[in-house]
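Dear colleague,

I am passing on the structure below, together with notes on what turned up when I went through it. Please read them with the model open beside you.

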Amino acid sequence: MRIEIQIQRFDPDNGQEPTYESFRLEVPRHITVLDAIIQIKDEQDGSVTFRRSCRSAICGSCAMRINGRSGLACDTLVVDELDRFGEIKVQPLAHMPVLRDLAVDMTPFWNRIESVKPWVEREEGTEPEWPVEKETLMPQSFVDELDDVSRCIMCMACFSACEIAEVDDDFLGPAALAKAYRMVADPRDCETGERLSKLNEHGGYWDCTRCNQCVEACPKDVKPMEAIVSLRREAINSGLTDTVGSRHITEFLNIVRQEGRLNEGRMPLKMKMSQPMELLKIMPMAMKMLAKGKLPMPIHPPIPRVREVRRIMDAKGKGESK
Amino acid sequence: MSQFKYAYYTGCAAKGVCPELHQSTMAVCRALDIELVELKAASCCGAGVIGELEPDTQLAMNARNLKLAANQGVPMMTVCGTCQGVLARSHQELSDGDTRDRINQVLGNSGGVYDGGPKPRHLLWALIQDYGLARLESKVVQPLHGLKVGPFYGCYMLRPSDYLGFDDPYNPKSLEQVISALGAEPVDYSGRTKCCGFPIVLESESSAMQMVGTNLIEAQDNGAHCLVTPCPLCHMNLDLYQEKAEQEMDREIGLPILHLPQLIGLALGLDPKELGLDKNMVDTDALITEVVGA
Ligand code: SF4
Ligand code: SF4
Ligand code: FES
C-alpha cells in the first residue's frame with residue numbers, strides 16, 4: 001500500500017517556524033503510524049526525530065498528535081487514520097516546548113507529577129492498621145478502587161489533550177491529578193489530608209472543566225477525569241467545603257431538591273450572595289437578560305411529583321459506591 | 001399519530017434560562033410532524049454535578065426519568081447535549097443488573113422500578129437515524145444558501161464515546177450533515193469538538209472566557225456567519241458570555257449563536273419570533289435578514 005504521511009518538522013537551530021514535510025512510502029496494510037515513521041527514518045531521512053521504545057503500547061514514549069488526536073503512534077493503525085480522516089498528519093504533543101520535530105521537552109509534565117508526591121507516604125504509628133515494619137496486603141476492594149489510576153504509563157497524551165492546560169499554566173493536569181488520587185485512595189498513605197488541602201487550591205482538582213478529553217485520549221483507560229471527580233468528593237466529604245466548586249455542588253443539590261430542576265438564573269445569585277461586589281458585577285448581564293426575556297424567576301414552581309425526587313435524595317447517604 | 005413519536009425530555013435550561021430552545025423545538029417538531037409527549041414530571045439529570053458528590057442520587061434520578069419515558073412506550077428525546085451525555089451514561093450503567101437492583105432500592109416508591117428501555121437520543125441524532133436527512137431536506141422551504149455555519153458540538157455530545165457511540169469524537173459529522181441538508185455550508189474549524197468552558201465559568205472565569213473567545217474567533221476567521229449548537233449550556237457560554245469573551249480577547253466578535261432547532265426552523269420558513277430568535281443575546285437580526293431576504 002502506498003501512503004503519504006505529513007510530519008511536522010522543527011529544527012531549533014535554523015530559526016524557522018515548524019512546517020509539515022510530506023513523505024511517500026510503500027507499507028504493508030496493517031502497519032502502525034509509529035512503524036511507518038520508523039521506516040521513513042530508516043529509508044528516507046535519518047534526521048526525523050521522535051521518541052519510541054517498546055512499539056507495543058507499554059512504555060509510553062511514542063505519544064504524539066495524529067490528525068489532531070493525542071495518542072500512542074504504536075497503537076494507531078495507518079489504515080484507520082486514512083479511513084477516518086483521509087490523510088495522516090503528525091505533530092508533537094501540545095502544551096510542552098518542542099525540542100525537535102516530534103520530540104517535546106517533558107519538564108512541564110514531570111514537574112507536575114513530582115509536585116503531587118507520587119509515592120505512598122508512610123510514618124510509624126499514623127496508620128496503625130497498616131504497620132510500616134511488615135508487609136501489608138490490601139483487601140481487594142482497595143485494589144479495585146486503585147485499578148484504573150494504577151494503569152498510567154506516563155505517556156502525556158492526556159496532558160496534551162487537556163483543554164485547561166491550554167489556557168492555564170498553573171493547572172496540574174489530568175495525569176498528575178490521577179496520580180494524586182492514586183495516593184489519596186491508598187489507605188496506607190498518611191498524608192491524605194495534606195494532599196487534599198493542597199490540591200484544593202488554584203491549579204488543583206477544581207479547575208478541571210470536565211471536558212472528558214483526557215478520558216477519550218488515554219490509551220490505558222485510566223479515566224483521569226473520574227479520578228479528579230473522586231478527589232472533589234473526597235475533599236468535600238473530608239470537610240473542605242469553602243470553595244466555589246463545593247458551594248456550587250451544594251447549591252445545585254438544594255435548588256434541585258426544591259424545584260426538581262436546576263434554575264440557572266438562581267445559581268450565580270446564590271453563589272455570589274455573600275460577595276456584594278461580585279453581585280454588582282453580574283448586574284449588567286442580568287439586566288440585558290431581563291430585556292431579552294431570558295431571566296428566569298428567582299423561584300420556579302416545582303415539577304409535578306417533586307416529592308419523589310426529594311425522597312430519592314433522602315434515601316441516599318453521601319458518596320456511596322459508584 | 002405521527003410516525004415519529006418521542007418522550008420529550010426538556011432538561012432544565014430549556015425550561016429556565018433558554019426558553020427559546022423549548023419554543024423552537026416545539027415549533028420545528030410540529031412543522032416536521034414529529035410528535036412530542038413532554039415529560040413534565042421529569043427532574044434535572046444531575047448534569048454530572050450531583051454525580052460528583054452523590055453518584056447514586058444522580059443515577060436514581062435518571063432511573064426515574066428513564067422510567068417516565070419508558071412508560072410512554074417510545075424513546076426519550078433530549079435537546080441538551082449535557083443531558084444527553086449524562087442520561088446516556090446512566091442508561092448504560094443501569095443496564096448492569098446489580099447496579100439496577102441497587103438503584104431500584106433507592107427508587108422504591110419514587111416513581112416505580114426501572115426495568116430498562118430504549119437508549120435516549122438527542123434531537124440531532126433522532127433527525128439523522130430515525131427521521132432521515134432526505135426527509136428533512138424535503139421539508140426545507142427556505143434553503144439557507146450562502147450561509148456559513150460553524151458547528152459547535154459540546155463535550156457531552158462526543159465524549160466519552162464509550163457511552164454515546166453516535167459520532168466519531170475526533171471527526172464528528174452529524175451537525176455538518178444537518179447544516180448541509182438545510183442548504184447552508186458547514187465551516188471547518190478545530191474548535192468544533194472543543195469545550196465551551198461553561199463548567200468552570202464560576203470557578204475560573206478567565207479560563208472559560210479564553211476558551212469561548214478562542215473558539216469563536218477561530219470559527220469567525222474561517223468564515224462562519226454564525227454557530228449552531230445542540231447544547232444549551234454551550235449556548236449560554238458562547239452567547240450570554242460573548243461580551244465578556246470579547247473583553248478577555250480584546251476583540252469585537254458579534255457572532256450569533258443558534259440552537260439547533262432555531263437553525264432548522266429558519267430553513268423550514270418558520271417565523272423567527274416563533275423560534276425565539278429575539279431572545280438570543282447576540283443580535284440575530286442581520287442574520288435573519290440575510291436568510292429571509294436572500
Ligand atoms: S476533563 Fe479536566 S483534566 Fe481531563 S482534559 Fe478536560 S479539563 Fe483536563
Ligand atoms: S493517564 Fe493515560 S494518557 Fe495520561 S499519562 Fe497516564 S496513560 Fe497517558
Ligand atoms: S513505543 Fe512504547 S508506547 Fe509506543
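A search of the whole structure, which is a predicted model, finds 38 salt bridges over all chains, a salt bridge being a side-chain nitrogen of Lys or Arg within 4 Å of a carboxyl oxygen of Asp or Glu. Side chains of opposite charge can pair when their charged atoms come close. Because the model is predicted, local features need pLDDT of at least 70 and side-chain atom pairs count only at pLDDT 80 or more, whereas totals for chains, interfaces and linings use all residues, and side-chain values use heavy atoms, with hydrogens and water left out. Residues are numbered from 1 along each chain as its sequence is written, while chains are lettered from A and ligands numbered from 1 in the order in which they are written.

Among these pairs, the side chains of A:Asp101 and A:Arg9 meet with N and O 3.1 Å apart. The pair links distant parts of the chain, 92 residues apart, with A:Asp101 in the loop between β6 (98–100) and β7 (103–104) of chain A and A:Arg9 in strand β1 (residues 2–9) of chain A; helices (H or I, at least four residues) and strands (E, at least two) are DSSP runs, numbered from the N terminus. Both A:Asp101 and A:Arg9 are buried, where buried means under 20% relative accessible area, exposed over 50% and partly exposed in between (1.4 Å probe, protein chains only). In chain B, B:Asp130 forms a salt bridge with B:Arg121, the closest N and O atoms being 2.9 Å apart; B:Asp130 counts as partly exposed because its relative accessibility is 25%, whereas B:Arg121, at 14%, counts as buried. There is also a network of salt bridges that links A:Asp147, A:Asp148, A:Arg151, A:Asp221 and A:Lys223.

Turning to where the two chains meet, 61 residues from chain A and 72 residues from chain B take part in the contact, with contact meaning heavy atoms within 4.5 Å. The size of an interface is often given as the accessible area lost when the parts come together. Chain A and chain B bury about 6,100 Å² between them, 59% of it on carbon and sulfur atoms; buried area here is the accessible area (1.4 Å probe) that two parts lose on being put together, summed over both. Six salt bridges are found across the interface of chain A and chain B. One pairs B:Arg89 with A:Glu226, with the closest N and O atoms 2.8 Å apart, and B:Asp168 likewise forms a salt bridge with A:Arg84 (2.7 Å, N to O). A:Arg84 counts as partly exposed because its relative accessibility is 28%.

Within chain B, an automatic or database domain assignment gives domain 1 (4–122) and domain 2 (142–292), whose centres, taken over C-alpha atoms, are separated by 24 Å. In this chain 26 residues of domain 1 are in contact with 25 residues of domain 2, and the two domains of chain B bury about 2,100 Å² between them, 70% of it on carbon and sulfur atoms. The count between domain 1 and domain 2 of chain B is one salt bridge, and the side chains of B:Arg30 and B:Glu274 meet in a salt bridge at 3.3 Å, N to O. On the side of domain 1 of chain B that touches domain 2 of chain B, α1 (19–31) and α4 (81–93) of chain B each supply at least two residues, and α1(B) gives the most, with ten residues.

Chain A is divided into domain 1 (2–104), domain 2 (107–123 + 139–237) and domain 3 (244–321). The C-alpha centres of domain 1 and domain 2 of chain A lie 28 Å apart, and the contact takes 16 residues from each of these domains of chain A. The area buried between domain 1 of chain A and domain 2 of chain A is about 1,100 Å², of which carbon and sulfur atoms give 63%, and the salt-bridge count between these two domains of chain A is zero.

With best wishes
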